[in-house]
Amino acid sequence: MTRRELSKTAMLAFGIGMTRQSFAQKTEAQKTEAQKTEAQKNQAQKTEKLEPVTAYAADFILKTRYDDLPADVIELARKSILDGLGLALCGSAAKSGEIVRQYLKSLGVTGSANGATVIGSSLKAPVRFAAFANAVGIHADDYDDTQLAVAEDRVYGLLTHPTAPALPGALALAETKSMTGRQLMLAYNIGVELECKIAEAIAPRHYEDGFHTTGTIGVFGSAASAAKLLGFDRARVLTTLGIASSEGAGLRENFGTMTKPLHAGRAAESGVTAAELAGLGWTAADTVLEAPRGFFKAAGGGYDSTAIMGKLGKPWTFVSPGVSIKPYPSGSLSHPGMTEMERLLKEHRFTADQVELIEVGVNKNNVNALIHHQPKTSLEGKFSMEFCMAVLVLYNKAGLLEFTDEVVNRPEVQAMIARVKFGVDPVAEAAGYNKMTTILRIHLKDGRVISGRADFAKGSPMIPMSLDDETAKFLDCAAFAKWPAAKAKSVVEMVRKLEDVADVRKLTALLG
């Protein structure tokens, strides 16, 4: 290599070295600036006055008494409790119920006579595991109650399933501690109310981006119920909420699988675990809902304080905006269309062999929830508008016996599914997300078109189910589980007078 070439090489190396040095200096400067910005942000967060949401929630749990429950709240809660118990029975007959019992046996936790009842079986288990099993059962058929939303930025019917996480832990604790029906009713209502108000308050991004609120927020319902029954002081209630905030989980991608009811099971179990740990002296943050790195911010990007501060029990969610009792064992967003299809079938008396095409138009959030367009299993069928329409047109009913793998895969069902066109309708989209507008157009082979529209479903506060309606649903669930009719009827009578029950063990004895 010549001197000139060596010189060029040296200069090039020097230039590269200077470039690297400059880049390193620039990168270091950017890093320093980023650290400074983060430090300023942290300082701002420390000095920013936080609303005491967690403390407010703890005070609500601590101070609410049975006499604070309005009569209409008690009656609405009674329907949901009966609903939950019936669903735990029929859920025990599901494959997921069988697996849960196998799992508990494998852990060696089902041998104690002092445990809590695993509904639909002869097993008893520690409170947390009984809560887990019974919550999975309640949510197994996607037939459980649904918290409603009316805010314009929310999807009506897509906040949370309140009873599945809140009832099982409270029931198990009340059983093992021989508590009264009145104590159970109070704790359950407190859990449902806190769970629902948190779901209303968190930014819509939480659900829209894939979190399943029954798992992520239901844990607070279970924790609140448990803390109330255990008689905690304020510090331990705060700790219970702090632990629970780190326990909730659930992703909507698992809709249509056994993992969806697992979310409810883990929420119920984790709420109990949080309370039990708090009772033993565990520690946790006491501002976990509102803190900059707390639940609302991390899980949703923020929250609407006006939806929760000063609103717990004012009004109670059971009264306004209400909780829907499901008339069908499928995703709630399928229900307005199913309600309307039932009406049209009765009015026009058309049959499946007359149908050329069924158009179902909804808003975009409905499409994003009912995600299985060619279902092959019963669980997928629960989140398939196509299947729900097909089974109603073919059999004029859509109950527990229709939502099976065998029915989903029948040739005539699959053929009818292919005739259902499901998608976004501009009219339904323009109607807003604070209702579940569903527009039906049924094209018959003779050229006629039958049209219908529904904004709400049977079982919603707009078209409520009575206690007698719920009793019929409970008895149907019990019969599906092949539960003795005499026991089932006794459960109904006991729940109708739950506040007079001296020992919850009398109730659970009828369920195990």
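**Aromatic rings and their surroundings**

Mentor: Start with a ring that has a charge above it: the charged end of Lys473 lies over the ring of Tyr143, 4.0 Å from its centre. A second case of this kind is Lys260, whose charged end sits over the ring of Phe255 at 4.7 Å from the ring centre. Keep in mind that the model is predicted.

Searching the whole structure gives 7 aromatic pairs. One of them is formed by Phe60 and Trp316, and this pair is tilted, with 5.7 Å from centre to centre and 55 degrees between the planes. The pair links distant parts of the chain, since Phe60 belongs to helix H2 (residues 53–63), while Trp316 lies in the loop between helix H13 (295–300) and helix H14 (318–322), and the two are 256 residues apart. Trp316 is buried because its relative accessible area is 6%.

Another tilted pair is made by Tyr188 and Phe318, with centres 6.2 Å apart and planes at 45 degrees. This pair also links distant parts of the chain: Tyr188 is in helix H7 (residues 181–201) and Phe318 is in helix H14, 130 residues apart. Tyr188 is buried, with a relative accessible area of 0%. For Phe318 the value is 6%, so this residue is buried as well.

Rings can also gather in a group. Phe220, Phe295, Phe296 and Tyr303 together form one aromatic cluster.

Leu82 is buried, with a relative accessible area of 1%. Setting aside residues up to four places away in sequence, Leu82 touches Leu467, Glu470, Thr471, Phe474, Val491, Val492 and Val495. Phe474 on that list brings an aromatic residue into contact with Leu82. As for Val491, it is 409 residues from Leu82 in sequence, yet the C-alpha atoms of the two are 8.2 Å apart in space.

Thr239 sits in helix H11 (residues 234–245), and its relative accessible area of 13% makes it buried. Beyond its neighbours within four places in sequence, Thr239 is in contact with Ala278, Trp282, Thr283 and Ala284. Here Trp282 is an aromatic residue among the contacts of Thr239.

Key: Residues numbered from 1 in each chain as written. Predicted model: local features only at pLDDT ≥ 70, side-chain atom pairs only at ≥ 80, totals over all residues. Heavy atoms only, no water. Buried < 20%, exposed > 50% of the residue type's maximum accessible area, 1.4 Å probe, protein only. Contact = heavy atoms within 4.5 Å. Helix = DSSP H or I, 4+ residues; strand = E, 2+ residues; numbered from the N terminus. Phe/Tyr/Trp six-rings, centres within 6.5 Å; stacked < 30°, edge-to-face > 60°. Lys NZ or Arg CZ within 6 Å of the ring centre and 35° of its normal.
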